[in-house]
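Hi there,

Have a look through it first, and then see what you make of the findings.

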Amino acid sequence: MDETITSVLDEQRKFEPPHDAGANIPSFAAYRQWCRRFAEDADGTWRELAREHLQWQKPFTRVLNREHPPFFTWFEDGCLNVSENCLDRHVADGNGERTAIIWEGEPGDVRRISYRELLSEVCRAANALRQLGIEAGDRVVIYMPMIPEAAVAMLACTRIGAVHSVVFGAFSAQALRDRIEDAEAKLVITADGGWRRGAVHALKARVDQALYEGGRSVRHVLVVRRGGNEIDWQQGRDIDWQQALQVEPDACTPAMLGAEHPLFILYTSGSTGKPKGILHTTGGYLLWARLTMLWTFDFRPQQDVFWCTADIGWITGHTYSVYGPLACGGTTLMYEGVPTYPDAGRLWRICQDHRVSIFYTAPTAIRALIKAGDEWPRRYDLSSLRVLGTVGEPINPEAWMWYYTVIGRRRCPIVDTWWQTETGGHMIAPMPFATPTKPGSATLPLPGIDADVVDGNGLSIREGGGLLVIRQPWPSMLRGIWGDEQRYVDTYWRKFDGRYYFAGDGARRDEDGYCWIMGRVDDVLNVSGHRLGTMEIESALVSHAAVAEAAVVGRPDDLKGEAICAFVVLKAEASEALKQQLREHVAGEIGAIAKPDDIRFAEALPKTRSGKIMRRLLRDIAAGKRIAQDISTLEDSAVVSSLLSGEH
């Protein structure tokens, strides 16, 4: 490979995990013992875990079928039901009155739903779906705000074997239509609207537009009344959710489904622009959702309140807002609104009011809250917190340190998790009471996960930068791309001739074997033959006292191949002198080769409503291209106009 700059600020800080003898994995030796068990007998260990952690309607006899790689199957002759595992078993075990979901709406309304109540509601919803002609294998699109009915809809689909496809509620009508048509959905479940930044944003209107322009497979639209806003009603097609459930019985026998029965399709962006329908199935996905809750978060269902801030429209919301916590029989918290409404203390007040003990959010949100100031979290009692997590992108070391110091008060371990929509659950992450942590590193693969950093020929790199691969199948791996087997092979398996799953991410391994994620390979710049991770340059910029946030992209350059363009949000006054100071600061942190060629100051960065920076958009702006992509999912589209006009 080309020479790679691999410093992440030459991070040297290391933190020993706090001791807790009651932890699910209480020591590094215990973690190593699990890894040895998998190394010695992977199939036997998976068999034991699947039998212990899941309730099977029909026991499986075969663990892993490798006969048609890369189309691997797990526990294929066994039968189970996700809804039964997430609800019925806990009620049967005497935990029916335990709180399953704590929900807070943006206006401040709160609901606490017990496992018994949630089971009753899911059964009514499942019966309503059957009344609408939904059968096992039919696809149901869910386009909802973060309200309990969204989780109910997901679980109702699993109860009867329907395949759900959740579409993030901020996506445009066009994006919704594309997903409806690709999945050939028979039903859409939506709401009149949901609260965001103090106002109701309409959802049903976008569904109407999507179905007017296409989506001919859809027969009915179920509508939850949440926002109280006016909606158009199409007789014969549109059905009131509350009225439909009211007449249904609260008992519904869970369908007996094969472990490889499709569970959900979740669309993720593709390099060609056409979304990929990532397919996950029933048994392996649920096993890993439950195990990672217990291992990565040290989740203890009898005592913990777990809050994953992700919307259910993303895989993080699927696995760690809904299926993981409920499969364990614990309490999950859902919040409808944005993190900074009505002020930057909202998340911390929720943690205080509901005694959240495990908090899981994105580095983007952490950086935004850093910018708001330390005084906000210091107003609230955060003593209930015991584990903090990050997800979605690499976290720069200074944000990690703020999270550890200001939010965790130096007593909460931080689990920096690397995984993807495609992996279903965590792949590389520390065990909170077992693994020493380093700011900015996802540390080590979880037990049972054979992750490696390799060169362009697929040869393992003991220490240094390369490409991140998974060398052995794992239960929660995607089973394909919906309707496009060849794209699945080409996207994830072609690069190394089917030997490894290629994650599409660059990574480096340090002297302790720890993984440092460098970001997507298309976010790794090739500058004069040197490979530079954009995350490394962003971390260098954000470590400067004047910088609140930064995003780095490449632009074509005749001399260097790629030039480095940095978009920077400041805490200080903008000036040409500061630009030069920042360039020298990056050179001092990483090396002269990493100096940004362009630094563009901005009031804000273009982000989706889920908080992800739209780097593709920034690449187009840096290259001077016409903006042709849909920006309807941006939190604030005026940011783009400001960047294009060069006002800042």
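**Cores**

The largest nonpolar core has 145 residues, and those with the most contacts inside it are Leu118, Ile189 and Trp295. Apart from this one lies another core, of 31 residues, which includes Leu382, Leu388, Trp402 and Tyr404. Please keep in mind as you read that this is a predicted model.

Leaving aside neighbours within four places in sequence, Ile189 is in contact with Leu129, Val140, Val141, Ile142, Tyr143, Met144, Ala153, Leu222 and Trp241.

**Around helix α6**

Helix α6 covers residues 173–183, and its buried residues are Ala173, Ala175, Leu176, Arg177, Arg179, Ile180 and Ala183. What do they pack against? Their partners are β7 (139–143), β9 (187–191), α7 (204–213) and β15 (262–268). Just after α6, Glu184 takes a positive phi of about 55°.

Ala173 is among the buried residues of α6, whereas Gln209 is partly exposed, with a relative accessible area of 41%.

**The seven-stranded sheet**

There is an open sheet of seven strands with mixed pairing, in the order β6-β5-β18-β17-β19-β20-β21. At its edges are β6 (110–114) and β21 (414–416), each of which pairs on one side only. From one strand to the next, the twist averages 20°.

Within this sheet, β17 (residues 305–308) and β19 (residues 358–361) run parallel and are joined by three bridges.

**Salt bridges**

A search of the whole structure finds 45 salt bridges.

Asp109 forms one with Arg226, with the closest N and O atoms 2.8 Å apart. Asp109 sits in the loop between β5 (99–104) and β6, and Arg226 in the loop between β12 (220–224) and β13 (238–240), so the pair ties together parts that are 117 residues apart in sequence. Asp109 is partly exposed at 29% relative accessible area, while Arg226 is buried at 19%.

Arg237 forms a salt bridge with Asp208, where the closest N and O atoms are 2.7 Å apart. Arg237 lies in the loop between β12 and β13 and Asp208 in helix α7, so this pair ties together parts that are 29 residues apart in sequence. Are the two partners buried or exposed? Arg237 counts as buried at 11% relative accessibility, and Asp208 counts as buried at 17%.

Arg386 forms a salt bridge with Asp298, the closest N and O atoms being 3.0 Å apart. Here Arg386 lies in the loop between α13 (375–378) and β20 (387–390), and Asp298 in the loop between α9 (282–296) and β17, so the pair ties together parts that are 88 residues apart in sequence. Arg386 counts as buried at 15% relative accessibility, and Asp298 is buried with a relative accessible area of 2%.

Lastly, salt bridges that share partners join Arg367, Glu393, Glu538, Glu549, Lys607 and Arg615 into one network.

Definitions and conventions:
Residues numbered from 1 in each chain as written. Predicted model: local features only at pLDDT ≥ 70, side-chain atom pairs only at ≥ 80, totals over all residues. Heavy atoms only, no water. Buried < 20%, exposed > 50% of the residue type's maximum accessible area, 1.4 Å probe, protein only. Helix = DSSP H or I, 4+ residues; strand = E, 2+ residues; numbered from the N terminus. Contact = heavy atoms within 4.5 Å. Pairing = 2+ DSSP bridges. Axes fitted to C-alpha atoms, helices over the stretch in contact; angles between N-to-C directions. Core = buried A, V, L, I, M, F, W, Y, C linked by side-chain atoms within 4.5 Å. Salt bridge = Lys/Arg side-chain N within 4 Å of Asp/Glu carboxyl O.
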